Amino acid sequence: MIAVVSQWVIRSAAWLVPRSARAEWRRAWLSETWHYAALLEERGLEPGEIRARLWRHCAGAFADAWQMRTEDPAVAGVRGALRKPGFCLALIALALAAILAGSRGLVRTRSMIGQNYADPGRLVLISESGIMMGERIAVAPRLLEYWKAHNTTFAGLAGYRWDQKGTAWVTPEFFDVLGTRPRRFLLREIRTWKAAGNDAPLGVIGRLLPGASAAAAQNELRDLADDYRFHLKRFPFPQAAVTPLVGRIRQPLYSYATLCAGTIGLLLVAACVGVIADLRRSRRIRRRYWAYFCAKSVGVPLALVLAIWEFSGATSITLTGGTTFLAEPFLTWLFIVACGGTIWWCLADQKARCRACLQRLQYPVRIGSPGAVLFDHAGTELVCCEGHGALYLPEISSDYVQGEEWTALDSADAVPR
Ligand SMILES: [Zn+2]
């Protein structure tokens, strides 16, 4: 049994090894594992102990295979290309172009910004509160009819329902209320429109009369619903909620754009601090160095936010105008984590680049004594492979330890850092 599992692990790890060396690598690891297992059994170890040791041994197969892969000339070539600033910017530009093409010209983002309904400010979504806090429920068709007959604040009310395949069922007034027959409704593509027939609950859209406010309409609908349900003793009664349509559709636009702008803003502030430090030290700005930093600081968050709008469920709105668990807490959390990661990467990548040619610094050398408190502090020195300078990075940062320092070796760019 142990031998079978070990074989399976080694055969899986072998897929990481470059094809030319794969068969030989697999043979060597399999025979080594077999001998190791035989040796452990000969020593009279407990089966549990043998199993644990073999697992550790097989985990090493993955590490070894991964190393083989990273030493492969093709991977080393990609890593070499990543050192160049142009390649990183080209990757970001490629990602943006792929998002643009894959989303058919940012169709969801465009439909969040532009509303092609007549007078969209008067359109509202209507639902009722559920038993749980924040829960919204769809409206019964009979209550909708009662509202239609007795309200004084709406020019029109209509109900709708949809399925995942792009079919929508709507009441006859639906297109009059919207003022058009849209291809997308609530950011959802609708392929077929059908007439709503049965008694299934509906999402409700209303067009307010000119001058009527959403709050007044909400109060009226609540009063009417109370009249409609006068015979009910159940508590709490569902309460009608009226939400402006445009604000609801643009909600993901505003929330993610704010987070994205915050990330870009923080990175640009970091760039300003760096530029001011440059001016203070040498009265000269390293334009290329900071232009590269600004380009990636804008490009990466922009690609992230467009990807989340176009390809994730962040823009999915439920029938009642609410959000799903995936849209609201989870994707917002994921986006905040991604923004934090972007800030970390932009700063770390910039720090590890040559101040003159922007290539990533190489050949790290450890200098100093680890643990030294007063003198000879431990740190790492990296150099530019084109000989522009060297960067010293201290292991610990403190007031009395020499800080991070760039030493220019090329007189053409002798700007200290
Ligand atoms: Zn350089």
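Strands β12 and β13 are paired in the antiparallel sense over four bridges, two strands being counted as paired if DSSP finds at least two bridges between them. The structure is a predicted model, in which local features need pLDDT of at least 70 and side-chain atom pairs count only at pLDDT 80 or more, while totals for chains, interfaces and linings use all residues. Residues are numbered from 1 along each chain as its sequence is written. Helices (H or I, at least four residues) and strands (E, at least two) are DSSP runs, numbered from the N terminus.

The pair belongs to an open sheet of four strands, in the order β10-β11-β12-β13, with antiparallel pairing. At the edges stand β10 (362-367) and β13 (405-408); each has a single partner strand, so one side of each is left without a neighbour in the sheet. On average, neighbouring strands of this sheet are turned by 20 degrees against each other, direction ignored; axes are lines fitted to C-alpha atoms.

Within strand β12 (residues 389-394) lies Leu391, which stands opposite Trp406 in β13. Leu391 is buried, with 21 other C-beta atoms within 10 Å; a residue is termed buried if 20 or more other C-beta atoms, placed from the backbone, lie within 10 Å of its own. Neighbours within four places in sequence aside, Leu391 is in contact with Leu361, Glu381, Leu382 and Trp406, contact requiring C-beta atoms, placed from the backbone, within 7 Å. Leu391 and Glu381 are 10 residues apart in sequence, and their C-alpha atoms are 5.5 Å apart in space.

Helix α12 (residues 326-351) has 26 residues and reaches 36 Å from its first C-alpha to its last, close to the 38 Å expected at 1.5 Å a residue; the expected span is 1.5 Å times one less than the number of residues. The buried residues of α12 include Leu331, Phe335 and Cys339, and what covers the buried residues of this helix includes α10 (245-282) and α11 (287-311).

The largest nonpolar core has 32 residues, of which Val124, Ile126 and Ile205 touch the most other members. Such a core is a set of buried Ala, Val, Leu, Ile, Met, Phe, Trp, Tyr and Cys residues joined through C-beta atoms within 7 Å. Among the elements that each supply at least two residues of this core are β1 (123-129), β8 (203-208) and α10. A second, separate core of 26 residues includes Ile99, Cys339, Ala356 and Leu382.

Notes: Buried ≥ 20, exposed ≤ 12 C-beta atoms within 10 Å, placed from the backbone. Contact = placed C-beta atoms within 7 Å. Axes fitted to C-alpha atoms, helices over the stretch in contact; angles between N-to-C directions.
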